[in-house]
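Please find below a colleague's note for someone meeting this structure for the first time. It is meant to be read with the model open alongside.

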Amino acid sequence: ACLKCRDGRFISIFVVLGLLLALIVGMIFKYMYTLENIMGLRIFLEIFDSGRVKIVVVLAQTVSSVGTSIGTKWPQPFRWLSNVYSSTQLNLFEYMMPMSCYFVETNYYHTVLSTTLAPIMVALLIWSAVLVPARWLERCPRDLVPTAHHALWLTLVMLFVILPSVSLTLFRVFDCLEMPSAAGEEPEWLLKADLTRSCPTRHSSATDYEVGMVAYTALMIMVYPIGVPLSFYALLSRPTTLRKIKTRQRHQPRSKRMQTLHFLYGSYKPSHPRAEIVISLWRITMCGLIVFMGETPAIRACSSFIIAGVSAICFREYYPFHNETNNGLAQAAAWQVTATIAFALVILLKPFAVNSWALGSVMFLGSMITVVAAVVFAQRSAAERGRLEAQNDYLKQELQTLQDHLNGLMAVDVEFTAEDRAELLKGVVQRRRSSVWSNGMGAGMLLDPDDGGDGGGGGGGGGGG
């Protein structure tokens, strides 16, 4: 079926707003730990905790990709929400700016080329900024001078965002549809993503161009779905890096390298230093590998439902995030993905009559509940954190007061007569009234009540106080 191209002006505005949103989110990721100590931003930074933002982004990307991977069409209004979620994938050339809307005689292979080469070009631009001579940037603030650490951090963020969408685009090259044929004729196989192109993996008479694109796709699969998790593993598995991750403290100063890699490990417990790799593999599976799990949408939906349900159960035992509210939110997101696939099964199998609009409304509300839960969990976490910090400050003040009192105490072990005791107490009262005592420079004295006797010499006494 042909898709109607949207108005070019609307698409351009949508793309600009999407890129601006991505820039804002990136800056929040970059500077949230630097701004954490600034008063007034504590609640804001708690709401936009990096782990919580990751969970919401992963949920949006997975929900928006499941329909394409399975091969089902969502009912309204959930279809609209899925289209909004697809903006988190930043796949400009498939979801936001389809190339066929701007260029004549384009096909899905051009989408594959643009989707895979664009991130490489962006990465080259990022790293080329590091090579700019220092004398050209003398008037720039020090924080804005690009370094290798900045380039690596931006590259990691970009790879995190585009990984599921690029993987799905690549895997769909091998997703083919068998077309009916006349008796005695060889069945015709077409790309499901582009019914104007034949499937080169099922046709023996594929052109050199199609064979070349299959080889290129296989190469890009090595670069993205396989290469990105391996690069994350290599960065996090150096012995010194792994040791620092496992022994880190929350407010412990970090080296520039550890600050750069903090995006990969900072949201997780020290006991789960490679949790980002596990979640990346799950994203690739749920967003892309589903296309290989059956010939029909119903079989794919069943397979993905089993995987999603098992992974949601296993995640309950895994709980990698150091913030417990994030673990609860991630658990809810995993079940939300499972429920979305279950609704896909209902749409495909139609076991009972159901109103499509009612079903879409239920899916819409269910998905929005998870997003609202993210904000609620964040607010509760911020309130609890503020209460604990206030209690901590109070205890520090009490401890300091106790230390000041202890510094003003002195123990003695002497014998006093009644006259000496009265004279000493008189002197203590005078000191309390003086300014020297009010400044904490006096000395209290602990006296044994058994010291001294009745006017005598204290012949039998003598216990120290």
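The points below go from the whole chain to a sheet, a helix pair and a single residue.

1. Basis of the note. This is a predicted model, in which local features need pLDDT of at least 70 and side-chain atom pairs count only at pLDDT 80 or more, while totals for chains, interfaces and linings use all residues. Residues are numbered from 1 along each chain as its sequence is written, and side-chain values use heavy atoms, with hydrogens and water left out.

2. The chain overall. The secondary structure comes to 16 helices and 5 strands, where helices (H or I, at least four residues) and strands (E, at least two) are DSSP runs numbered from the N terminus. Of the 465 residues, 39% count as buried, that is, under 20% relative accessible area with a 1.4 Å probe, protein chains only. The accessible surface comes to about 26100 Å², and 65% of that surface belongs to carbon and sulfur atoms; the areas come from the Shrake-Rupley method with a 1.4 Å probe. Among contacts (heavy atoms within 4.5 Å) between residues at least 6 apart in sequence, 68% join residues at least 24 apart.

3. The sheet. Three strands form an open sheet in the order S1-S2-S3, with antiparallel pairing, two strands being paired if DSSP finds at least two bridges between them. Strand S1 (176-179) and strand S3 (194-198) each have a single partner strand and stand at the edges, so one side of each is left without a neighbour in the sheet. From one strand to the next, the twist averages 45 degrees. The antiparallel pairing of S1 with strand S2 (residues 188-191) runs over 4 bridges, and Leu177 has Leu190 in S2 as its bridge partner.

4. A helix pair. Helix H6 (residues 108-130) packs against helix H8 (residues 208-236) at an angle of about 35 degrees, with the axes 11 Å apart; axes are lines fitted to C-alpha atoms over the stretch in contact, and angles run from 0 to 180 degrees between N-to-C directions. Residues making the contact include Leu113, Leu117 and Ile120 of H6 and Met213, Tyr216 and Met220 of H8. The contact residues divide into 11 nonpolar, 3 polar and 1 charged.

5. A single residue. Leaving aside residues up to four places away in sequence, Gln336 touches Leu59, Gly366, Ser367 and Thr370.

Terms used. Buried means under 20% relative accessible area, exposed over 50%, partly exposed in between (1.4 Å probe, protein chains only). Ala, Val, Leu, Ile, Met, Phe, Trp, Tyr, Cys and Pro count as nonpolar, Asp, Glu, Lys and Arg as charged, and the others, Gly among them, as polar.
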